[in-house]
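Here are my notes on this one, in the order I'd go through it on screen. Have the viewer open while you read.

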Amino acid sequence: MHEPDTAPGIRNRSGSGVTRHTCPPSGGTDLRRSAAGVGGAHRFASGTGDNAPVTRPDQLRLLAVHAHPDDESSKGAATMAKYVAEGVSVLVATCTGGERGSVLNPAMDRPEVWERLPQIRVEEMAKAREVLGIEQEFLGFVDSGLPEGDPLPPLPEGCFALVPLEEAAAPLVALIRRFKPQVITTYDERGGYPHPDHIKTHEISVFAFEAAGDPDRYPELGEPWQPSKLYYHMSFTLPRTRALHEAILATGAESPYTEWLANWDPARDISHRVTTRVPCGEYFEVRDAALIAHATQIDPLGRWFACPIDTQREIWPTEDYELARSLIDATTPEDDLFAGLRSEVGVR
Ligand SMILES: [Zn+2]
C-alpha cells in the first residue's frame, strides 16, 4: 500500500525513506513495457481517434490523478462515489502499475501472489473501479519504488520519477484533452507522503493542467482543453487524525495512530490549507469496499478500518481538499469541487 506509513506531517526520522516497502526484482524497460501492455485493461478510450468519448457539454467531469493502483481508494474515494451517484463522469488516471509495491496483507503474502503481483494489481484495480463506478486508465509508467537505506540508493532506471517532466506529462495532457474535465484532483507538492511517484504525480498534474489548454503545447495530442479547477488532497491532516485517534480510544480499543501523533510535527501540518470539505460520509462503505478490493495492499484488520464507520461519519464526515488553482470565481470555503461551475455547465 502506498499509504503514509509515517503521517504526512512527520519528518522521516532516519531520512531513509519509509519502510515496509520492498521491491520485487527490477526489470527496467521490460517492466515498463509490461505495465503499458496490461495497462489497457480498462481504457475509456484507446486514442484520440474514433474511440474518443463523446463528452457532452452539459456533463460535469472529474479527473483524479493518482500514482499507483490503490491510491484512488485511499484518497478521495468517497468523494468520487458521491459524484458518480450524482451523475458526474469520473475518471481516474493511474500513473504507474504499482509494480514495485509490496504485499502488505499478511493473508496474501504467498509465493503465487508475488509471482504475478503486477497482473494481480491490475485485477484489483478493476475490482475497485467497479465498486466505485468510475472509469480508469493507466498512463503506462513504471513504479519507482520507495528507496530505502542511508545513503538512499539511486532510483531504478526507466522509472516514472526519472522520466523528464515534459515527457512524463504527455499522456496526461492527451487524456485531459480527450476527457475534458472541469476539475482535476492530485497530490500537493510534498506528494501527500514522500514517495517519488507521488511527487512526480503532483508535478505532471500541475504541468498538464496548464499545458492541456495551451494550443502551442503538444499540438499533436489533440484539441486544447483548459480545466477550470485543480485541487490537492488534504485528508491526512493533524486535526482529522487526532479526531479519529480519540474516537478509537473512546471505544476502549488501541489506536493505530498513536505513533504517528507522537511524532507529528505540528509545523508540518497542512490543515490550514483546506479550502473545501466535501460531505461524503454516506459513501464511506463504498470507499472501504474499494480499499478491500486491493487485497494485496490492504490488511482488512489494519488501520484503515480501526475507527467504526458510524463514528467517522459523526466526527469527520467529509473528504478535504485545497483549491490550488482556479480559473473561475470561486468563493472559499466551499463544499463542492464543482462550486462555481454548475451554472456555467448548465447542471445543478
Ligand atoms: Zn501510491
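**Notes on the model**

1. Let's start with Asp 143, which counts as buried because its relative accessibility is 0% (buried is under 20% relative accessible area, exposed is over 50% and partly exposed lies in between, with a 1.4 Å probe and protein chains only). Asp 143 sits in the loop between E3 and helix H6 (165-179); helices (H or I, at least four residues) and strands (E, at least two) are DSSP runs, numbered from the N terminus.

2. Some housekeeping before going on. This is a predicted model, where local features need pLDDT of at least 70 and side-chain atom pairs count only at pLDDT 80 or more, while totals for chains, interfaces and linings use all residues. Residues are numbered from 1 along each chain as its sequence is written, and side-chain values use heavy atoms, with hydrogens and water left out.

3. Next, strand E2 (residues 89-96). It has 7 of its 8 residues buried, so the rest of the structure largely encloses it. E2 pairs in the parallel sense with strand E1 (residues 61-66) over 6 bridges, pairing being called when DSSP finds at least two bridges between two strands. Leu 62 has Val 90 of E2 as its bridge partner. E2 also pairs in the parallel sense with strand E3 (residues 135-141), over 5 bridges, and there Val 92 is partnered by Gln 136 of E3.

4. Another parallel pair to look at is E4 and E5. Strand E4 (residues 183-186) is joined to E5 by 4 bridges, and Ile 184 stands opposite Leu 230 in E5. Strand E5 (residues 229-233) has 5 of its 5 residues buried. Lys 229, Tyr 231 and His 233 point one way from E5, with Leu 230 and Tyr 232 pointing the other way.

5. On to the nonpolar core (a set of buried Ala, Val, Leu, Ile, Met, Phe, Trp, Tyr and Cys residues joined through side-chain atoms within 4.5 Å). The largest one has 33 residues, and Leu 62, Met 80, Tyr 83, Leu 337 and Phe 338 touch the most other members. Two or more residues come from each of E1, helix H3 (77-85), E2, H5, H10 and E7, and H3 gives the largest share, 5 residues. In soluble globular proteins, nonpolar side chains tend to be buried together.

6. What span should the 16 residues of H5 have at 1.5 Å a residue? The answer is 22 Å, which agrees with the 22 Å between its end C-alpha atoms; the expected span is 1.5 Å times one less than the number of residues. Buried residues in H5 include Leu 117, Ile 120, Val 122 and Met 125, along with Arg 121 and Arg 129. Glu 123 and His 294 are 171 residues apart in sequence, yet 8.7 Å apart in space, C-alpha to C-alpha. Just after H5, Gly 133 takes a positive phi of about 75°.

7. Helix H7 (residues 196-211) reaches 22 Å from its first C-alpha to its last, close to the 22 Å expected. H7 is mostly covered, with 12 of its 16 residues buried. Among them are Asp 197, His 198, Lys 200 and His 202, as well as Phe 207 and Phe 209.

8. Some backbone items to check by eye. Most residues other than glycine have a negative phi, and most peptide bonds are trans. Lys 180 has a positive phi, near 55°; this residue is in the loop between H6 and E4 and is partly exposed at 25%. Tyr 218 has a positive phi too, near 45°, and is buried at 11% relative accessible area. Two cis peptide bonds are also worth a look: Asp 150 to Pro 151, with omega near 5°, and Thr 332 to Pro 333, with omega near 0°. Pro 151 is in the loop between E3 and H6, and Pro 333 is in the loop between E7 and helix H12 (342-345).
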